[in-house]
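Subject: A structure for you to look at

Hello,

Here is the structure I promised to pass on to you. Please open it first, and then read on for what turned up in it.

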Amino acid sequence: MPTAAEPMENLDQIGREISACTDCALSRNRNRAVPGEGPSDADFVLVGEAPGFNEDQQGRPFVGAAGRLLEELLSHAGLSRGQVFITNTVKCRPLNNRDPLPGEMAACRKYLDRQLEVISPKVVVTLGRYSLASFLPGEAIGKARGRPRNVNGTIVYPIYHPAAALRQQALRKVIEEDMQKLPELLKAAPQPQEGPQEEQLSMF
């Protein structure tokens, strides 16, 4: 029978593979890869876009200004950083903090999929348009944000990236309102179903 430690061991193994990965050009200039962090049984997985300078230095996600804001937003929702798993669509920092390229996102997707398989979260919160595109291709963040979807038995909940609120103060209230709905999403979490499906939940 599997022990409680085995899922975390699997996450650790994925993290080691990410740290040694050379599947795209981002690996050539990284200081440290940023696999992600959080409990292996988290109800929420937050998926950002890419590590920045501070994350590249420390090997941890969301440790700069956007990370501090994220922790504050989680607190307003009655959650702590230690209760959620936080990662990114790409695990290495793009030079000069440019946007991740489609090929880079594709190269990292296998790691994200494996992390989600281990954790089996009830809710995946996509932070920003590139994370959104990984789960709901073709959707615009301005229209998709705040609208939870049932995708193959998991709630996908798009919101703006916290960094957007640092650039545009007017977005802060929007992000706060969306984050405060997280506890309610757990109550509406669907039971896993066989076969692909996607539907918008009408709870909000």
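A word on terms before anything else: helices (H or I, at least four residues) and strands (E, at least two) are DSSP runs, numbered from the N terminus. Counted in this way, the protein has nine helices and six strands. Please keep in mind that this is a predicted model.

The protein has 204 residues, and buried residues make up 50% of them. Among the contacts with a separation of 6 or more, 72% are between residues 24 or more positions apart.

**Two helices that cross**

Two packed helices are described by the angle between their axes and the distance between the axes. Here the axes come within 8 Å and cross at roughly 50 degrees. Angles from 65 to 115 degrees would count as roughly perpendicular and those under 35 as roughly parallel, and helix 3 and helix 8 are therefore oblique to each other. Their crossing is right-handed.

Which residues meet there? From helix 3 come Leu69, Leu70, Glu72, Leu73, Leu74 and His76, and from helix 8 come Arg172, Ile175, Glu176 and Met179. Sorted by class, this contact has six nonpolar, one polar and three charged residues.

Arginine 172 and glutamate 176 also pair with each other, their side chains meeting in a salt bridge (3.0 Å, N to O). The two are four residues apart in helix 8, so about one helical turn separates them.

**Salt bridges elsewhere**

How many salt bridges does a search of the whole structure find? The search finds 14. Here are some to look at:

- Aspartate 178 forms a salt bridge with arginine 145, with the closest N and O atoms 2.8 Å apart. Aspartate 178 lies in helix 8 and arginine 145 in the loop between helix 6 (141–144) and strand 4 (149–151), so the pair ties together parts that are 33 residues apart in sequence. Aspartate 178 is buried, with a relative accessible area of 0%, whereas arginine 145 counts as partly exposed at 23% relative accessibility.
- Arginine 129 and aspartate 99 meet through their side chains in a salt bridge (3.5 Å, N to O). Arginine 129 belongs to helix 5 (residues 129–135) and aspartate 99 to the loop between strand 2 (85–88) and helix 4 (102–119), so this pair ties together parts that are 30 residues apart in sequence. Arginine 129 is partly exposed, with a relative accessible area of 49%, and aspartate 99 is partly exposed at 37%.
- Glu37, Arg60, Glu71 and Arg81 are linked in a network of salt bridges.

**A buried lysine**

Is lysine 91 buried or exposed? Lysine 91 is buried, with a relative accessible area of 0%. You will find lysine 91 in the loop between strand 2 and helix 4. Leaving out residues up to four places away in sequence, lysine 91 touches Ile18, Ala33, Val34, Pro35, Pro51, Cys108, Tyr111, Leu112 and Gln115.

**Two positive phi angles**

Most residues other than glycine have a negative phi. Phenylalanine 62 is not a glycine, yet has a positive phi of about 55 degrees. Phenylalanine 62 is found in the loop between helix 2 (53–58) and helix 3, and counts as buried at 4% relative accessibility. Asparagine 97 is not a glycine either, and has a positive phi of about 60 degrees. Asparagine 97 lies in the loop between strand 2 and helix 4, and at 45% relative accessibility counts as partly exposed.

**One last pair**

Finally, have a look at alanine 188, in the loop between helix 9 (182–187) and strand 6 (198–200). Alanine 188 counts as partly exposed, at 29% relative accessibility. Alanine 188 and lysine 122 are 66 residues apart in sequence and 9.4 Å apart in space, C-alpha to C-alpha.

Definitions and conventions:
Residues numbered from 1 in each chain as written. Predicted model: local features only at pLDDT ≥ 70, side-chain atom pairs only at ≥ 80, totals over all residues. Heavy atoms only, no water. Axes fitted to C-alpha atoms, helices over the stretch in contact; angles between N-to-C directions. Parallel < 35°, antiparallel > 145°, perpendicular 65-115°, else oblique. Left-handed = near helix turned anticlockwise from the far one by under 90°. Contact = heavy atoms within 4.5 Å. Nonpolar A, V, L, I, M, F, W, Y, C, P; charged D, E, K, R; others polar. Salt bridge = Lys/Arg side-chain N within 4 Å of Asp/Glu carboxyl O. Buried < 20%, exposed > 50% of the residue type's maximum accessible area, 1.4 Å probe, protein only.
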